[in-house]
Amino acid sequence: MSAPNIETIVSLSKRRGFVFPASDIYGGLGSSWDYGPLGVELANNIKQSWWRWLVHERDDVEGLDSSIIQNRLVWKYSGHETTFSDPLVDCRTCKGRFREDKLRDVECPNEPGVCAGSGKECSLTEARQFNLMFRTTIGPVSSDDDPASLAYLRPETAQGIFINFKNVLDTSRRKLPFGIAQIGKSFRNEVTPGNFIFRTREFEQMEMEYFCRADDAARIHQEWIDDFWKWFESLGIKPENLKLYEQGPDELAHYAVRCVDILYKFFPEREEGQAQFDELMGIANRTDFDLKTHSKKPEDADGKRLNPDSTEDLSYFDPTTNERFYPYCIEPAAGVNRTVLAVLMDAYTEKTNDKGETRVILKLTPDLAPIKVAVLPLAKNKPEIVAMAKGLKKELLPSMRTVYDDTGGIGKLYARQDEIGTPFCVTVDHESLVDDAVTVRDRDTWEQERVKVAELKEYLLKRLYT
Ligand code: GAP
C-alpha cells in the first residue's frame, strides 16, 4: 500500500465523521472545517495527552486559559502590529494571490493553461506585506475608523501567557525554571490557506512558555526538542515520518536566537526529500524579549523597547542570589489540527481479508481512539442477546467510551469499527447466554479471544492502557 496522502484522509474524514467542510449548506467557507463526532473526540484525546504529559505528570508546569481578545496594546508591544505579516504577490495574468515565500506549495486558482496551473509560472507583482491579524471592534458604538475600539483575535496563544507571567508566578510561588501551558484557538488571515486542516484561518494551538535563566536556555531548549519528538512518537507517529529542521538566521523571528521545527511527512506524494515534509511544531528560544517588551521598566541600553503603557515589571527576583532579571523563554508551540492530521495519516493502513476485499484499519493508539470498545450482538432479532449486549455497553461506559451497533451483519460492523480505529469489538452470541462469556476481537490482528463477562472490564482496561 502506498503512503496515504491528505486526500485519503479527507475522504475518510467525510465518510466517517471526523471532519466536515464548514458552512457547507451555504456553499462553504474557504479552508474552514468542522470537527464531527469522531474528530472532536480525537482532537480532545490529543489535547488531553499533551496536558497530562506536560502539566500533570511533570512538576514544573502550570496551566492557563487566557482571553482570545486582549487589549490591543498586547499586540503593539509583542510586535505583531508591525511585523506579523506575510509577503503577498498577485499574478497579473490569472489574478491569483499567493504568499511569495510559499509559491512552491500553491496551485493556480484558475483553469490550468492560464499560468500553467502553478503560482511559479505567474507574472507576479512586487511583494507587499499583509498583516495576518483578524481585526474586530469592541463595544456597541464602535466603528472601524475608531482606533479606540480596534481589537484583534489572537494570532497565537503565547502572548496571553507572557502578560500573565507575574500573576502565575505570584500565585503559584514557582521558582525558575518553570513553564506555563495553554491550549486554545488562534486566528490568522492566511494568504494561502489550504491542504485540508494543515493551514486554516482558525486553528488551535498547544503552546508552552518555559522560563529559565539565560545560562540554562540552550540546554533546556535541546531537552524540549528531544522530549517533544518522543511525545509525538507516543501518539503513534513513526519516527521515519518526522524530521528536525534547524531554522537559518534569515528565517528566525526577530526575537529568537534558535528555532528548531519538528516536521511531519504531510506530502508523501511530492518528490522525495524535504518537500514532502512541513511544520508540525516549532520550538524556539525567544530570549528575554517577551517579558522585557511587556514590562513598564525595560532595562535595555538601546531604549528601543521602552514601554510607557504597561503597568507591571515582569522581571524575576531570585532571593537566593538577590538578583533581579528577565528570564529567557523556551517555547514549544504545536498545532492541534496538524497533530490530528499527522496522527490520522500515520494510523491509516489497509488490509486484505480472506475474500480478497481491502479494508481500512485506522491503527490509532488506544489512548487516542475516539471509541475504545464496540459491543455487537450477533443476532439482533434475539431479544436476550440484544439485552445482554446493551447491558454490557452500559456496564463498560463509565470506564471507557463504548458504543452498541446492530445495524448490519457482523462483517460490516467489524469493518466499520476498524475504519474509525476502535481497538476492540465485543461480540455477544448464542453461546454467551449459556457460558456467560463474549468474544473480544482485536482491531489490528483480527484475532479473537473468549472472555468471561465477569472479567471483561478488567481485561479491556488492561489491554487498552498497559
Ligand atoms: N507562538 C509561536 C507560534 O505561534 P507558529 O510556528 O507560528 O509559532 C505554532 O505556530 C504551530 O501552530 C505550528 O507549528 C502549527 O502546528 C500551528 N499553526 C500555525 N499556523 C497555522 C495555521 N494557519 N493552520 C493550522 N495550524 C497552524
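In the predicted model, a network of salt bridges links R58, D60, D227 and K230. Side chains of opposite charge can pair when their charged atoms come close. Several further pairs are described below, after an outline of the chain.

The protein chain comprises 13 helices and 23 strands. Along the principal axes, its C-alpha atoms fill a box of roughly 85 × 65 × 50 Å. Of its 466 residues, 51% count as buried. Among the contacts in the chain with a separation of 6 or more, 64% are accounted for by residues 24 or more positions apart. The domain assignment gives two segments, 6–77 and 155–344, for domain 1, and residues 371–465 for domain 2.

The centres of the domains, taken over C-alpha atoms, are separated by 39 Å. Contact between them involves seven residues of domain 1 and six residues of domain 2. About 550 Å² of area is buried between domain 1 and domain 2, and carbon and sulfur atoms give 49% of this area. On the domain 1 side, the residues that lose the most area to domain 2 are R16, L38 and E41, which together make up 66% of what that side buries.

Charged and polar pairs also occur between the domains. The count is three salt bridges between domain 1 and domain 2, and the count of residue pairs in polar contact, with both residues at pLDDT 80 or more, is three. On the side of domain 1 that touches domain 2, the elements giving two or more residues are helix 1 (6–16) and helix 2 (37–56). R16 pairs with E419 through a salt bridge between their side chains, with an N to O distance of 2.8 Å.

A salt bridge is also formed by E41 and R401, whose closest N and O atoms are 3.3 Å apart. This pair links distant parts of the chain, with E41 in helix 2 and R401 in the loop between helix 10 and strand 20 (402–404), 360 residues apart. Both partners are partly exposed: E41 has a relative accessible area of 25%, and R401 has a relative accessibility of 36%.

Another salt bridge joins the side chains of D90 and R128 at 2.9 Å, N to O. Because D90 lies in strand 4 (residues 85–90) and R128 in strand 6 (residues 128–131), the pair ties together parts that are 38 residues apart in sequence. The two partners fall into separate accessibility classes: D90 counts as buried at 15% relative accessibility, whereas R128 counts as partly exposed at 43%.

In the salt bridge between E156 and R286, the closest N and O atoms lie 3.9 Å apart. Here too the pair links distant parts of the chain, 130 residues apart: E156 is in the loop between strand 8 (150–152) and helix 5 (158–162), and R286 is in the loop between strand 13 (278–285) and helix 8 (289–293). Both residues count as buried, E156 at 7% relative accessibility and R286 at 1%.

When residues up to four places away in sequence are not counted, D318 touches R213, E323 and F325.

Within domain 2, whose bounds are 371–465, helix 13 spans residues 456–465 and has L456, Y459, L460 and L464 as its buried residues. Seen down the helix axis, these buried residues fall within an arc of 120°, so they line one face of helix 13. E458 and K462 are exposed on the other side of the helix. The cover over the buried residues of helix 13 includes helix 10 (383–396) together with strand 19 (373–377), strand 21 (424–428), strand 22 (437–442) and strand 23 (448–452).

Key:
Residues numbered from 1 in each chain as written. Predicted model: local features only at pLDDT ≥ 70, side-chain atom pairs only at ≥ 80, totals over all residues. Heavy atoms only, no water. Buried < 20%, exposed > 50% of the residue type's maximum accessible area, 1.4 Å probe, protein only. Helix = DSSP H or I, 4+ residues; strand = E, 2+ residues; numbered from the N terminus. Arc of directions from axis to C-beta. Contact = heavy atoms within 4.5 Å. Domains from an automatic or database assignment. Buried area = accessible area lost by both parts, 1.4 Å probe. Salt bridge = Lys/Arg side-chain N within 4 Å of Asp/Glu carboxyl O. Polar contact = N/O pair within 3.5 Å; in protein donor to acceptor, adjacent residues only side chain to side chain.
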